[in-house]
Amino acid sequence: MMMKQTFFISHGSPTLSIDETLPARHFLQSWKETIFPTIPTSILVISAHWETSVPTLNFLNNRPNDTIYDFYGFPQSMYELKYPAPGAPQLAKRVKDILLSSGSTKQVNEDTKRGLDHGAWVPLMLMYPEAQIPVCQLSVQPHKDAAYHYNIGKALAPLKDEGVLIIGSGSATHNLRHLKPQDGVVPWAMEFDTWLKEALLNGRYEDVIKYEEKAPHAKVAHPRPEHFYPLHVAMGAAGVDAKAKLIHHSWSLGSLSYASYQFTSAPTS
């Protein structure tokens with residue numbers, strides 16, 4: 001099974017798991033009908049909520065993923081949600097082999113205990129509520145740069161030919177200090193989000209890699225890069241000539257963008 005697409009999902013607030021008023025929740029619930037009807041053999045999620053010094057995979061043998069509640073002060077019902085998707089040890093081994101043989105990294109670690117953080121299980125429980133597709137997570141390295149993560153993605157591109165759905169899960173804008181209930185979107189968030197959309201849709205991937213010097217308000221939109229790097233991995237995995245498409249766009253809390261993108265690989269001759 002050949003996958004032509006990779007995806008970047010803005011997972012926003014953990015309340016996406018229960019808040020029926022969020023348009024992004026309904027977008028993800030319609031995933032199989034409107035965005036991606038193909039059922040993948042397994043799913044690789046690059047989540048902003050797993051930060052490590054070197055690329056690390058959760059390597060689970062013969063047991064489901066635990067649900068990690070890596071958030072605080074939210075309604076009790078959120079801590080009762082479960083997403084026991086099977087582990088994907090074969091995928092984890094394949095990812096490790098690919099990354100090491102590509103030269104994009106010299107070391108890949110395995111974590112045999114870690115389950116799925118909310119950057120993975122919150123969107124997946126809406127996209128694939130049956131929790132039957134094996135899932136593997138890959139960490140991000142915030143001390144590295146965007147080009148490094150793009151090259152990690154490029155190395156992962158062959159997985160698309162093996163039926164693997166590659167999802168980068170982060171946020172188009174992410175500054176927790178600037179979240180507050182209000183009508184309308186603050187100007188800096190709108191300007192950064194618009195710049196990102198125009199850069200992606202026009203194939204200016206090099207600009208997105210160099211976003212810190214090219215984008216308006218880059219350091220305000222992303223004081224730390226961990227929520228942006230999953231985009232670079234998904235972008236790299238799609239290929240140099242991939243076409244980007246905005247598949248969802250909404251806002252919450254004044255500055256939190258739920259912009260999500262599909263990258264479609266260029267046809268091979």
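**Exercise 1. Find the residues that Ser 17 touches, leaving out those up to four places away in sequence.**

Step 1. Apply the contact cut-off: heavy atoms within 4.5 Å. Ser 17 then touches Arg 25, Met 78, Leu 81, Trp 121, Val 122 and Met 125.

Step 2. Ser 17 sits in the loop between β1 (5-10) and α1 (23-29). Helices (H or I, at least four residues) and strands (E, at least two) are DSSP runs, numbered from the N terminus.

Step 3. Classify the exposure. Buried means under 20% relative accessible area, exposed over 50%, partly exposed in between (1.4 Å probe, protein chains only). Ser 17 has 3%, so Ser 17 is buried.

Before going on, note the basis. This is a predicted model: local features need pLDDT of at least 70, side-chain atom pairs count only at pLDDT 80 or more, and totals for chains, interfaces and linings use all residues. Residues are numbered from 1 along each chain as its sequence is written, and side-chain values use heavy atoms, without hydrogens and water.

**Exercise 2. Identify the strands that pair with β2, and state the sense.**

Step 1. Strand β6 (residues 164-170) pairs with β2 in the parallel sense over 6 bridges. Ser 47 has Ser 169 of β6 as its bridge partner.

Step 2. Strand β5 (residues 135-140) also pairs with β2 in the parallel sense, over 5 bridges. Here Leu 44 stands opposite Cys 136.

Step 3. Check burial. In β2 (residues 42-51), 8 of the 10 residues are buried, so the strand is largely enclosed by the rest of the structure.

**Exercise 3. Describe how α5 and α10 are arranged.**

Step 1. Take the axes: lines fitted to C-alpha atoms over the stretch in contact, with angles from 0 to 180 degrees between N-to-C directions. The axes of α5 (residues 146-156) and α10 (residues 229-238) come within 6 Å and cross at roughly 40°.

Step 2. Sort the angle. Under 35 degrees is roughly parallel, over 145 roughly antiparallel, 65 to 115 roughly perpendicular, and the rest oblique. The two helices, α5 and α10, are therefore oblique to each other.

Step 3. List contacts. Among them are His 149, Tyr 150 and Gly 153 of α5, and His 232, Val 233 and Gly 236 of α10.

Step 4. Check burial. 10 of the 10 residues of α10 are buried, so this helix is largely enclosed by the rest of the structure. Just after α10, Gly 239 takes a positive phi of about 115°.

Definitions and conventions. Pairing = 2+ DSSP bridges.
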